[in-house]
Amino acid sequence: MNLELDASIENPTLTVEARLSVGDETVVMIGPNGAGKSTLLRAIAGLMPITSGRLSFGDAVFDDPDRGVFVPPAERSVGFMFQDYALFPAMSVLENVAFGMRSRGIAKAAARARAHEWLTRVGLEARAGDRPGALSGGEAQRVAFARALAPRPDIVVLDEPFSALDATSRPESRRTIRALLTERRGPRIIVTHDPIDALSLAERIVVLEDGHVVQDGSPTEITTNPRSRYVADFLGVNLFRGRSDGTGIELDGGGVIVAAAHPGGEVLAVVHPHAVALHDQRPEGTPRNVWSVTVTHIDHHGERVRVSLHGPPDLVAEITPGSAWELDVRPGRALWASLKATEVSVSEG
Amino acid sequence: MNTRRERRPVPPVAITLASLGTLLLALPVVALLQRAPWSSLWGDITSASTLTALRLSLVCSVGAAAIAIVLGVPLAWVLARVVFRGRAVVRALVLVPLVLPPVVGGVALLLAFGRRGLVGQWLDRWFAVRLPFSTAGAMFAEAFVALPFLVLAVEAGLRSTDPRLDDAAASLGASRWTGFRRVTLPAIRPALVAGAALAWARALGEFGATITFAGNFPGRTQTLPLAVYQALEIDTGSAIAISVLLLLVSFGVLVALRGRWLGGNQ
């Protein structure tokens, strides 16, 4: 069943006008602050009404102001994880997780049993009796996640699930959430501000700017062809999937990348285009990664030029118009690309 | 409670003024206790008329606190959570009984709910309800002066809780009422208890509005403060004895609540 949104939502500060269809997939929504991401999530959950248009899930119309239809949030089956979790302070962790099942009429014992099961899955069975105030940030995040998913909602919506975590606990949290999200069916929508979060979780990325969807596509489509300055800055990166053998990463699309550190197994490597240097001749010296490439496409973004290169590996470099002119960059031109190992960020993927 | 301790030397001016303030509060209590007719005290406060006034005081003040809770919590919720035209006006109205001299409040109540009053004439004609000079009227007058205490405390409590807790409850399938009962109410419980205690204490001590609106009829509207007022003209000793009783009742409640809700931890 698809979540279908074709609506405009008016806020005091912003009007969101979006058309979006989300099926059984994980969609990551990105966009600058105030672009309307949270507004969209709140409208989906019924926490704010749409102004005009229509919002439906499968055959069920959630919100259609023209026909006077508005299904209240309690009847929508949307698992909503709030940005700073909004855990109920006066309840135990277990009661928090059981709350959604209790409100949907599941008997107390069954609800508590399932809540226990969820706490075990997120590794917090020992904290069941504690109050949320006693939890660390990472623990609170996992409780909020378990609370949103435990009632088996049809739709899952996560508003900046990682924003309150420090950098060291993010990768593990990402793994946990991805594992638990992929085992379920139905639309899953995540809002994030972090490119690594976006690229490692998304099956599809939707970019929202000023209340409008400006780009919508697979992570590869969006990273290789960012359609706005914001997307280029945020996601206009080189994204490689591959297998690390401890010394280098064998890329799925061909070629090898050497990074400063290599976790074993399947990895996601991210390289910012401005880290890729282009040369006339094979560069001497320290760069660990040197490839012979051919220019396929050139994009001018103001004071920067994005140069698409065919390898292996295929990648994008970002250089100044001056050096583009010096190197005589044009489609078909053969060049050398180099990249320092320290510029490659690798995450288990 | 997050209290900052002052570590630098405390200025003498502050000490002096703080001591004077404490004296202002303490001296009347001391004087009252010092002049209390201890030998006849027990007899005075267990006399039939005093016990009647005590019972009436408790009934009316508890009833007034209950009215304040039933009407005040929804009012506070609306003020804290709903944006509507005229909210500033309603909020100002809530403050009126606080700043209005209670006697004026009593007169106003009489003009509104008296037998010829704005609403009172209809209450009388249609329902044969006559509030003035009845026990219900005394309770009503006390509720009028006590309501602001409850509304202000609960509204402050609501404002300091995250409104997204309501959203979270709703998205988890809870009806508005379930969300309020299971999430909001526990979160504001300290504010509600403090507000109810203050409202009750204000109702217990209420004098001006009660005597104006409900009169001073023993057994019907004569609460303890009114009994003190009457006794003062006849027998000072008995007036002091009833005052001591009132002091004990209020002080007892204060102590009972202190440890649990009124920030009793130093």
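Guide: Happy to! Angles under 35 degrees count as roughly parallel, over 145 as roughly antiparallel, 65 to 115 as roughly perpendicular and the rest as oblique. This is a predicted model, where local features need pLDDT of at least 70, side-chain atom pairs count only at pLDDT 80 or more, and totals for chains, interfaces and linings use all residues. Residues are numbered from 1 along each chain as its sequence is written, with chains lettered from A and ligands numbered from 1 in the order in which they are written.

Visitor: At what angle do helix 4 and helix 7 of chain B pack?

Guide: Two packed helices are described by the angle between their axes and the distance between the axes. Axes are lines fitted to C-alpha atoms, for helices over the stretch in contact, and angles run from 0 to 180 degrees between N-to-C directions. Helices are DSSP runs (H or I, at least four residues), numbered from the N terminus. Helix 4 (residues 87-99) and helix 7 (residues 135-159) of chain B pack at about 125°, axes 8 Å apart. Helix 4 of chain B and helix 7 of chain B are therefore oblique to each other.

Visitor: Which residues of helix 4 of chain B meet helix 7 of chain B?

Guide: Two residues are in contact if their C-beta atoms, placed from the backbone, lie within 7 Å. B:Val94, B:Leu95, B:Pro97 and B:Leu98 in helix 4 of chain B meet residues of helix 7 of chain B including B:Phe144 and B:Val151.

Visitor: And between the chains?

Guide: That contact takes 15 residues from chain B and 16 residues from chain A. Helix 8 of chain B gives the largest share of chain B's side, six residues.

Technical notes. Helices (H or I, at least four residues) and strands (E, at least two) are DSSP runs, numbered from the N terminus.
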